[in-house]
Amino acid sequence: MSNHALANAARVLRESRCTLAFTGAGISVESGVPPFRGPGGVWAKYDPAKFEKAYFRRNPEEVWPLLKEIFYSRLVHAKPNPAHYALAELERAGMLDGIVTQNIDGLHQEAGSLVVHEYHGSTRRMQCMKCREFFDASNISLEKLPPPCPVCGGLLKPDFVFFGEGIPTDVHRAATDLAGRAEVCLIVGTGGTVVPAGRIPYIVKNRGGVLIEINLHDTSYSYTVSDYYLQGKAGTRLPELVAATLG
Ligand code: APR
């Protein structure tokens, strides 16, 4: 990455009156959380069709062991990495107005970020599909699968967006409102392949905003709409950018 691009991206960040970070699985890879696509991707090993809401409702005995394996057993020990901490530092310095994340791992909040819109929900909550009660996932035992609702015994579902499910309206509204005000969008660790999430950077761009992209590999944003493309690992590039921005 040229120092020229870094210095210019840092200047743009410093001058921005409203900035949002749009993050995806790539920002958590260095925390040991596998991405969905690309080398070691989740969808190369598991069939995404099983994480479609109607399929889950019909086959909870089959899907819950997969959910436990992919999103609970392994990820419960994941910790924030320097990329998550860099965004929390940028927020504390008053230079980041919010994060719109596609991630469901809760690592932004664990790193200290306060304004985090979880566009695809979170593994840290579960909801009963019968009585609609919500529960903190850490209070639900996964010894017996599917885990019964503690209130009514109904089917519990992790509170993240399955394929075929809509985006929670309050989160969608908050995210698009922020994108409608942002002058700069940091794109970190996502190829934007899934919509409507992937459209967030275009909302900023189409209003004349600036896109600063940090990704390990080229994406559909890189040579089309990104104004700055700082290629590399988020755990390295993001702290560099924040250090250059805060001086
Ligand atoms: N640093 C920066 N970027 C990285 C790193 C890293 N260490 N490792 C991988 N990447 C990049 C990849 O190059 C890729 O562009 O992160 C991106 C990961 O892409 P995906 O796995 O498709 O993740 P994401 O874009 O968040 O997926 C969006 O798809 O399956 C759904 O709901 C799921 O939220 C998810 C959505």
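Hi everyone, let's start inside a sheet: Ile187 stands opposite Glu213 in strand 8. Before going on, please keep in mind that this is a predicted model, where local features need pLDDT of at least 70, side-chain atom pairs count only at pLDDT 80 or more, and totals for chains, interfaces and linings use all residues. Residues are numbered from 1 along each chain as its sequence is written, and side-chain values use heavy atoms, with hydrogens and water left out.

Back to that pair of strands. Strand 7 (residues 184-188) and strand 8 (residues 210-214) run parallel and are joined by five bridges. On terms: helices (H or I, at least four residues) and strands (E, at least two) are DSSP runs, numbered from the N terminus, and two strands pair if DSSP finds at least two bridges between them.

Both strands belong to an open sheet of six strands, in the order 3-2-1-7-8-9, with parallel pairing. Strand 3 (116-118) and strand 9 (228-229) are the edges; each has a single partner strand, so one side of each is left without a neighbour in the sheet.

Which helices lie across these strands? Helix 6 (residues 169-181) lies across strand 1 (19-23), strand 2 (98-101) and strand 3, running at about 130° to strand 3. Helix 8 (residues 234-246) lies across strand 7 and strand 8, at about 140° to strand 8. Contact here means heavy atoms within 4.5 Å. Axes are lines fitted to C-alpha atoms, for helices over the stretch in contact, and angles run from 0 to 180 degrees between N-to-C directions.

Three strands form an open sheet in the order 5-4-6, and here the pairing is antiparallel. Its edge strands are strand 5 (134-136) and strand 6 (156-160), each pairing on one side only. From one strand to the next, the twist averages 40°. Strand 4 (residues 121-128) pairs with strand 5 over three bridges, and Gln127 stands opposite Phe134 in strand 5. Helix 3 (residues 60-73) packs on this sheet, touching strand 4 and strand 6, and its direction makes about 35° with that of strand 6.

The loops have some backbone details to look at. Arg132, in the loop between strand 4 and strand 5, has a positive phi of about 70° although it is not a glycine. Leu145 and Pro146 are joined by a cis peptide bond, with omega about -10°; Pro146 sits in the loop between strand 5 and strand 6. Another cis peptide bond joins Val195 and Pro196, with omega about 10°, and Pro196 is in the loop between strand 7 and helix 7 (200-206). As background, most residues other than glycine have a negative phi, and most peptide bonds are trans.

How many residues surround the ligand? There are 23, and the closest are Ala25, Phe36, Arg37, Thr190 and Ala234, counting a residue if one of its heavy atoms lies within 4 Å. An oxygen atom of the ligand is 2.8 Å from a polar backbone atom of Ala25. For Phe36, a backbone N or O atom lies 2.7 Å from a ligand oxygen atom, and for His217 that distance is 3.5 Å. The protein covers 91% of the 730 Å² of accessible area that the ligand has on its own, using the Shrake-Rupley method with a 1.4 Å probe.

Last topic: charges. A search of the whole structure finds twelve salt bridges, each a side-chain nitrogen of Lys or Arg within 4 Å of a carboxyl oxygen of Asp or Glu. One of them joins Glu15 and Arg11, at 3.8 Å, N to O. Both residues lie in helix 1 (residues 3-15), four residues apart, about one turn of the helix. Thanks, everyone!

Key. A polar contact is a pair of N or O atoms within 3.5 Å; within protein, one must be able to donate a hydrogen and the other to accept it, and residues adjacent in sequence count only if both atoms are side-chain atoms.
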